[in-house]
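Subject: Structure for you to look through

Dear colleague,

I am handing over the structure below, together with an account of what was found in it. Please keep it open beside the text as you read.

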Amino acid sequence: MSKNVAVIVGSLRADSDNRKLAKALVGLAPDSLGFCFVGTGDLPLYNPDLDTDTPPEAWTAFRKHMSRADAVLFVTPEYNRSVPANLKNALDVGSRPYGSSIWNGKPTGIVTGSPGGIAGFGANHHLRQSLVFLNAPPMHQPEAYVGGLATLFDEDGAIKDEGTRTFLTGVMKGFADWVEKLS
Ligand code: FNR
């Protein structure tokens, strides 16, 4: 049976290039992985005072959804050399109540995308730092920093450059192996 991978896209923008990248990655992945996209835009900012017996509904739905996932793939832009606030908030919401973190033990993968050449290196490593702390081991290799995102896709959302397609196919093969190894 295929592993259930939750895909979290760090951008909330309707025409997000990172969402296009995430969809392309799903298309390049081995059959051993199945995917569902999980949104983070409707999660109220994490506040321990709200984390009572009746927390915000969106938190409960997110935690339930994520607890069913075998693994998580993050595809995100970099905001000011770190992760977008909605993504960090999702990490925080999922990490509580203390002792019930939905991240614990889940294999994870990180792909950062940017129109620029540094390709989200800062976001990639800030996210890596949080995931190591959360015991949601991020795949070590291959690392995936995708630059030049604004010109990567054709009108149908397919990756135009064959070299990039080959590289990202390898990333998804590596991720499938990582998920298998840690399951
Ligand atoms: C950015 N952008 C950006 N890019 C980058 O490479 N490094 C950075 O630190 C930042 N910082 C940043 C902050 C904020 C608030 C915004 C809105 C944007 C540019 C960003 O990479 C670009 O807008 C991407 O296209 C965003 O990805 P989506 O929305 O197309 O997926």
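His 126 touches Arg 81 and Ser 82, when residues up to four places away in sequence are not counted, contact here meaning heavy atoms within 4.5 Å. This residue has its place in helix α4, where helices (H or I, at least four residues) and strands (E, at least two) are DSSP runs numbered from the N terminus. At 41% relative accessibility, His 126 counts as partly exposed; buried means under 20% relative accessible area, exposed over 50%, and partly exposed in between, with a 1.4 Å probe and protein chains only. From C-alpha to C-alpha, His 126 is 25 Å from Asn 4 in space, and the two are 122 residues apart in sequence.

Before going further, please note that this is a predicted model, in which local features need pLDDT of at least 70 and side-chain atom pairs count only at pLDDT 80 or more, while totals for chains, interfaces and linings use all residues. Residues are numbered from 1 along each chain as its sequence is written, and side-chain values use heavy atoms, with hydrogens and water left out.

Next comes the ligand. Its surroundings are made up of Ser 11, Arg 13, Ser 16, Asp 17, Asn 18, Pro 77, Glu 78, Tyr 79, Asn 80, Arg 81, Ser 114 and Pro 115, a residue being taken as near if one of its heavy atoms lies within 4 Å. This shell divides into 3 nonpolar, 5 polar and 4 charged residues, where Ala, Val, Leu, Ile, Met, Phe, Trp, Tyr, Cys and Pro count as nonpolar, Asp, Glu, Lys and Arg as charged, and the others, Gly among them, as polar. An oxygen atom of the ligand lies 2.9 Å from a polar side-chain atom of Asn 18, and a polar side-chain atom of Ser 114 is 2.7 Å from an oxygen atom of the ligand. A polar backbone atom of Asn 80, in turn, is 2.9 Å from a nitrogen atom of the ligand. The ligand taken alone exposes 620 Å², of which the protein buries 70%; these areas come from the Shrake-Rupley method with a 1.4 Å probe, and for residues only the protein chains shown count as cover.

Ala 119, which is not a glycine either, has a positive phi of about 60° and has its place in the loop between β4 and α4, but at 4% relative accessibility Ala 119 counts as buried. For background, most residues other than glycine have a negative phi, and most peptide bonds are trans. Against that background, the peptide bond joining Arg 96 and Pro 97 is cis, with omega about 0°, and the bond from Gln 141 to Pro 142 is also cis, with omega near 0°.

Turning to the helices, which residues of α2 (residues 57-67) are buried? They are Ala 58, Trp 59, Phe 62, Arg 63 and Met 66. Seen down the axis of α2, these buried residues fall within an arc of 130°, so they line one face of the helix; the arc is that of the directions from the helix axis to the C-beta atoms. On the other side of α2, Glu 57 and Lys 64 are exposed. The buried residues of α2 pack against β1 (3-9), β3 (71-76) and α3 (85-95). Helix α3 is itself mostly covered, with 8 of its 11 residues buried, and its buried residues pack against β1, α2, β3 and α4 (121-133).

Two further residues complete the account. Ile 110, in strand β4, counts as buried at 6% relative accessibility, and beyond its neighbours within four places in sequence it is in contact with several residues, including Phe 74, Leu 127 and Ala 144. Thr 164 lies in helix α5 (residues 162-182) and is buried, with a relative accessible area of 18%. A polar contact of 2.6 Å joins the side chains of Thr 164 and Asp 161, such a contact being a pair of N or O atoms within 3.5 Å in which, within protein, one must be able to donate a hydrogen and the other to accept it, and residues adjacent in sequence count only if both atoms are side-chain atoms.

With best regards
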